[in-house]
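User: Could you take a close look at the aromatic pairing in this model and walk me through what surrounds it? I'd be glad of one connected explanation.

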Amino acid sequence: MTVTVEPADSKYDRLIAAACDGSPAVTIVAHPCDETSLKGAIDAAAAGLIEPVLVGPVARIRAVAAEHGIDLTGRRIVDAPHSHAAAACAVALIREGKGELLMKGSLHTDELMKEVAASATGLRTDRRISHVFVMDVPGHPETLFVTDAAINIFPTLDDKRDIIQNAIDLWAGIGLGTPNVAILSAVETVTTKIPSTIEAAALCKMADRGQITGGLLEGPLAFDNAIDPEAARIKGIAGPVAGHGQILVVPDLEAGNMLAKNLTFLAHADAAGIVLGARVPIILTSRADSVRTRLASCAVAALYANASRAKAAVPV
């Protein structure tokens, strides 16, 4: 089967088309044992985004493929008896340098991330691991990043520094340039009554001092004056970020999760997901994701992997 992705005005389609221009990234797929996860990996491979290595019970993977007409011809399968073993094996393959990306199959996210975060055998770096929703919101002119709405429940100031740096590196790594980073709170003024406003101000000063690099930071900003130029004008907030936020940094997971789901279910946005801060990007997909959203998740990770590959090839 061949999946053809036509460039269009959609922000996701542009990302997918750009990723198809690079070399497919070898992607370790942990436990793709249902139709959605297996088809998502194979569709992404057919689109030229990834080169999947399937890790899980061979008989079960082949049975799912046969039941749903998924062609596994030429695809490598590494046998692992169950989901726990598949997660551990997938992470081990990444540690051995046999893959550039890690992709979640039909196992629980916690099950995979437990292996990723293991101190001795996982994929930790000196960065905090964080999640980014890459959102295509109908009617909004730009791609939006929402971070972190899936992993860090109540991030500290130091955690937020890493969360922001991870998102900036991804934005630049997939070729989107220098991002406007809006650090969100309930209000746009600094007040001791709302601790997230103080942290937002501190993060902006950290950027001024070179502790966060590669992006333009502003905060605290309320959601309206972070993304709407008229709201920013009415509030008298000047500068390049207010009203033009591209990376939206939320105070905590609860706020981020509600924001992302509001955009998804009320504004009909698509939300691709990727985890950063580990040795390799991790593609997180949901059973509810459309084919295009799954392809977009793979495309973002593949673009980032291609950029990392090119950077590593440049002589020091």
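Analyst: Happy to! The count comes to 1 aromatic pair, where rings of Phe, Tyr and Trp (its six-membered ring) pair if their centres lie within 6.5 Å, with planes under 30 degrees apart counted as stacked, over 60 as edge-to-face and the rest as tilted. The partners are Phe-145 and Trp-171: their ring centres are 4.9 Å apart and their planes stand at 75°, so the pair is edge-to-face. Because Phe-145 lies in strand 6 (residues 144-147) and Trp-171 in helix 6 (residues 157-173), the pair ties together parts that are 26 residues apart in sequence. Helices (H or I, at least four residues) and strands (E, at least two) are DSSP runs, numbered from the N terminus.

This is a predicted model, in which local features need pLDDT of at least 70, side-chain atom pairs count only at pLDDT 80 or more, and totals for chains, interfaces and linings use all residues. Residues are numbered from 1 along each chain as its sequence is written, and side-chain values use heavy atoms, leaving out hydrogens and water.

Now for burial, which means under 20% relative accessible area, with exposed over 50% and partly exposed in between (1.4 Å probe, protein chains only). Phe-145 has 0% relative accessibility, so it counts as buried. Trp-171 is buried too, with a relative accessible area of 3%.

Strand 5 (residues 130-136) holds His-131, which counts as buried at 3% relative accessibility. Leaving aside residues up to four places away in sequence, the contacts of His-131 (heavy atoms within 4.5 Å) include Val-146, Thr-147, Gly-273 and Leu-284.
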